[in-house]
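Work through the exercises below with the structure open. Each task is followed by a solution in steps.

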Amino acid sequence: IAVNQADVIITNGTTVSLGVPPGGTTLNSIWNSLVITSNSVLNAASNFNAVHLNLVSLDIQAGGALRLDGQGSPANTGAAPGFTTFASSSGGSHGGLGSTGTALGLNATQTYDSLYSPNLPGSGGGSRTPTSGSAGGGVIILSVTHALNVDGVLSADGSDAAMADAGGGAGGALSISAQTITGHGRISANG
């Protein structure tokens, strides 16, 4: 699917979810501008973990968000998932080591991905039982020809453990190229 040279506004508390078309690897669109207003969100569609956008300008207004929190690798999966023992679990790793958990000798796994051009999702934290928590953060790759303004939230954070003795998910990947970056919002890929 290709929607080129469009001005896109996500407003009125709307959540828009993007996914890669069947057989495709990226969303092949070049948008003039994208504006995400207060109480509105752009994220990845279910079963997708990445949003790649080519834009002339991007404005995330206060209260708006481009967010892929917890949309990376589920618990116990990914390139460096957390470990699990009978008493504790460690957090997933990505650009940094995951937490070590409370059990003695439970070490986090190795780090992975590029420091300068990250493009892989965060690994899930360890969990003894299936959980909706502990997922790593997704992948946001932005190529903005002119201005990026973030007064809201731009994030690919890992999700917290949803149960006792589970580890949290690792932060995902943010790769941003822009002529200028302004604003007073939050840009994060925390685990």
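**Exercise 1.** How many bridges join β2 to strand β4, and in which direction do the two strands run?

Solution. The model is a predicted one. Step 1: β4 covers residues 41-44, and four bridges join this strand to β2. Step 2: the two strands run parallel. Step 3: within this pairing, S17 stands opposite N43 in β4.

**Exercise 2.** Find the salt bridges in the whole structure and classify the exposure of their residues.

Solution. Step 1: the search of the whole structure gives two salt bridges.

Step 1: one joins the side chains of D165 and R128, at 3.2 Å from N to O. D165 lies in the loop between β8 (153-155) and β9 (173-182), and R128 in the loop between β6 (65-67) and β7 (139-150), 37 residues apart. D165 is partly exposed because its relative accessibility is 35%; R128, at 46%, is also partly exposed.

Step 2: the side chains of R186 and D157 form a salt bridge at 3.1 Å, N to O. R186 belongs to strand β10 (residues 186-188), while D157 sits in the loop between β8 and β9, 29 residues apart. R186 has 37% relative accessibility and is therefore partly exposed. Buried requires under 20%, so D157, at 11%, counts as buried.

Notes
Residues numbered from 1 in each chain as written. Predicted model: local features only at pLDDT ≥ 70, side-chain atom pairs only at ≥ 80, totals over all residues. Heavy atoms only, no water. Salt bridge = Lys/Arg side-chain N within 4 Å of Asp/Glu carboxyl O. Buried < 20%, exposed > 50% of the residue type's maximum accessible area, 1.4 Å probe, protein only. Pairing = 2+ DSSP bridges.
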